[in-house]
Structures are given as C-alpha cells and as structure tokens.
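Hi everyone, thanks for coming. Have a look at it on the screen first.

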Amino acid sequence: MKLIFLGPPGAGKGTLAAKAVEFLKVPHISTGAIFRSAMAAKSPLGLKVKAIIDAGKLVDDETTIELVKDRLAQADAQGGYILDGFPRTIPQAEALAAFSPVDRAVNFDLPDSAVRERLGGRRVCRQCGTNYHQVFNRSRREGICDSCGGEVYIRDDDQPGAIQKRLEVYREQTAPLTAFYRNLGILVEVDASPDVEQVVENFKSAMEKLV
Ligand code: AP5
C-alpha cells in the first residue's frame, strides 16, 4: 500500500506513522526527517535548507521532488510506503503522480489552536527522532529519550514565529491538496484531535472502510 499523510504541521502525522508501520509493514519516509538529518550532518543539502526550514518556509519543489524520487527508488519502498510531509504543493503532487501514483491520501485534520499546543510542547530525540510532548507524552527522564538514551531537544522550527509561518504556508500551499486527492477519489479523512490511541483507531477504521 502506497500512502501519503497530509495535514497541518503538528497534526500527529509522524507520531501516527511510527505506529502504523508496525501493522502496515511498510517504511515511513518523512521529508522533514530527511532534511533534519542532512542539517545535523551539515551536508550540502542540510546547509542549503537550514535557514528555509528554521523560518518555517518550504524547500523548493525541484530539490524536494528529486530527493523523494531517489528515496522511493530504493528497495525497501518497492512494496509500499507511508510518505509523510510530501507532497506539500500541487507541483509536488503532480510529480509524484507521474513517478509513483499512491493508493490513498490520508488527511489528518486538527484546528490551529491544537496545532499550536502540540508544536509548542513538542520535544524530539536528536538521535532516533522519537516524538515527546511536555504535557501529553513526556520522556521518563527529562531531556533523555526513553527508546535510545539520545538527547531530547526543541526543533528550531517549533518557535512561535516559525509555527505561525508554517500554518500560513500550510493554508496557502498544502491545504489545496485535499481537493486534489478528493477529485482523484482516494482521499481518506481522519479526525486527529483525540489522543494518540484513538487517532490510531480512527485511522484503522477509515482504512478498513476502503478495503
Ligand atoms: P515536517 O517535519 O514534515 O514538519 P510538519 O509537516 O510541519 O510536521 P511536523 O513534523 O511538525 O508534525 P507532525 O504532524 O508529524 O506531528 P508530530 O507527530 O510530530 O517538515 C519540516 C520542514 O521541512 C517544513 O516546514 C519544510 O520547511 C521542510 N519540508 C518537509 N517536507 C517538505 C516538502 N515536501 N516540500 C518542501 N519543504 C518540505 O506531533 C506533534 C506533537 O504532538 C508531538 O509532540 C507529539 O508527541 C504530539 N502528538 C501527536 N499526536 C498527538 C495526539 N493525538 N494527542 C496529543 N499529542 C499528540
């Protein structure tokens, strides 16, 4: 199954994808995570995108499309995937339709007030990428990842100014993708506002209705 996860920043796409890979048995491919690992490694790609990402803007379509095309050509993605954070613009969606048409587009819906609350409290493991939240899901030891013992930190794009910018960019450039996939007849809507376990159940039942 080839899936894409849509929805505003902080809707819980990465959190849900980490759960869904366990029962769907496909890789979770996050463009945001690929960019963050390039930034941590200070690779040419990381140096190119850091200022853009920290400001809450989008990386250009050409760079992002090439990155995803290369990643989806790898062996582990041949049986399907969860693509999280791509596409984010209509040109990206059109490119993906040409090189790897997807089976379903899952839209995780969350109001702006909840987005701000989730992103404002998010903490992330620098080493393995596990998500935590200061209110909803704290690590057992402050600043240390439960899974790998890595450092838990605040993403630079989770500062209030960048969160506001990401919401604006989402409304302008990414939200129109729901109509794009609805027109193709493959859009699945999931309410992302309950707790994580309930969102997993919402996702499973929405997918089952379509099988
Ligand atoms: P990316 O990493 O994709 O950021 P995003 O879409 O803004 O999504 P997030 O990772 O912020 O949120 P999420 O929905 O995964 O939520 P999470 O599970 O973490 O991209 C970062 C940047 O890279 C972009 O801004 C852009 O610059 C660039 N980029 C990436 N892809 C690009 C593309 N295609 N084109 C151009 N540029 C691109 O959850 C959030 C928090 O809430 C966590 O703390 C979590 O613990 C908590 N939480 C999750 N679910 C629940 C729940 N149900 N109840 C309570 N708390 C919850």
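Let's begin with arginine 88: a polar atom of its side chain lies 2.5 Å from an oxygen atom of the ligand. Please keep in mind that this is a predicted model, and the distances I quote come from that model.

The ligand is surrounded by 34 residues, and the closest are Thr15, Lys57, Arg88, Arg122 and Arg166. Backbone atoms take part as well. At valine 59, a backbone N or O atom is 3.1 Å from a nitrogen atom of the ligand. At tyrosine 132, a polar backbone atom is 2.7 Å from an oxygen atom of the ligand.

Phenylalanine 86 and proline 87 are joined by a cis peptide bond, with omega at about 0 degrees. Proline 87 belongs to the loop that runs between strand 3 and helix 5, residues 90-99.

In what order do the strands of the open five-stranded sheet come? The order is 2-3-1-4-8, and the pairing is parallel. At the edges you find strand 2, residues 28-30, and strand 8, residues 187-191, each pairing on one side only. On average, neighbouring strands in this sheet are turned by 25 degrees against each other, ignoring direction.

Let me zoom in on one pair. Within strand 4, arginine 104 stands opposite leucine 3. Helix 1, residues 13-24, packs on this sheet and touches strands 1, 2, 3 and 4; its direction makes about 175 degrees with that of strand 3, residues 81-84. Helix 2, residues 31-40, lies across strand 2 and strand 3, at about 65 degrees to strand 2.

Two lysines in loops around these helices have a backbone feature to point out. Lysine 25 sits in the loop between helix 1 and strand 2. Its phi is positive, about 55 degrees, although lysine 25 is not a glycine. Lysine 42, in the loop between helix 2 and helix 3, residues 44-54, also has a positive phi, near 55 degrees. Are these two lysines buried or exposed? Lysine 25 counts as exposed at 68% relative accessibility, and lysine 42 is exposed with a relative accessible area of 62%.

Strand 5 and strand 7 run antiparallel and are joined by 2 bridges. One of the pairings puts valine 124 with tyrosine 153, its bridge partner in strand 7.

Lysine 165 is partly exposed, at 31% relative accessible area. In sequence, lysine 165 is 108 residues from lysine 57, yet their C-alpha atoms are 6.9 Å apart in space. Leaving out residues up to four places away in sequence, lysine 165 touches Ala55, Gly56 and Lys57.

My last stop is serine 139, in the loop between strand 6 and strand 7, residues 152-153. Serine 139 is buried, with a relative accessible area of 12%. A polar atom of the serine 139 side chain lies 2.9 Å from the backbone oxygen of arginine 141 and 3.5 Å from that of isoleucine 144. Not counting residues up to four places away in sequence, serine 139 touches Tyr132, Ile144 and Asp146. That brings us back to the ligand, as tyrosine 132 has the backbone atom 2.7 Å from a ligand oxygen.

Methods:
Residues are numbered from 1 along each chain as its sequence is written. This is a predicted model: local features need pLDDT of at least 70, side-chain atom pairs count only at pLDDT 80 or more; totals for chains, interfaces and linings use all residues. Side-chain values use heavy atoms; hydrogens and water are left out. Two strands pair if DSSP finds at least two bridges between them. Helices (H or I, at least four residues) and strands (E, at least two) are DSSP runs, numbered from the N terminus. Axes are lines fitted to C-alpha atoms, for helices over the stretch in contact, and angles run from 0 to 180 degrees between N-to-C directions. Contact means heavy atoms within 4.5 Å. A residue is near a molecule or strand if one of its heavy atoms lies within 4 Å of it. A polar contact is a pair of N or O atoms within 3.5 Å; within protein, one must be able to donate a hydrogen and the other to accept it, and residues adjacent in sequence count only if both atoms are side-chain atoms. Buried means under 20% relative accessible area, exposed over 50%, partly exposed in between (1.4 Å probe, protein chains only).
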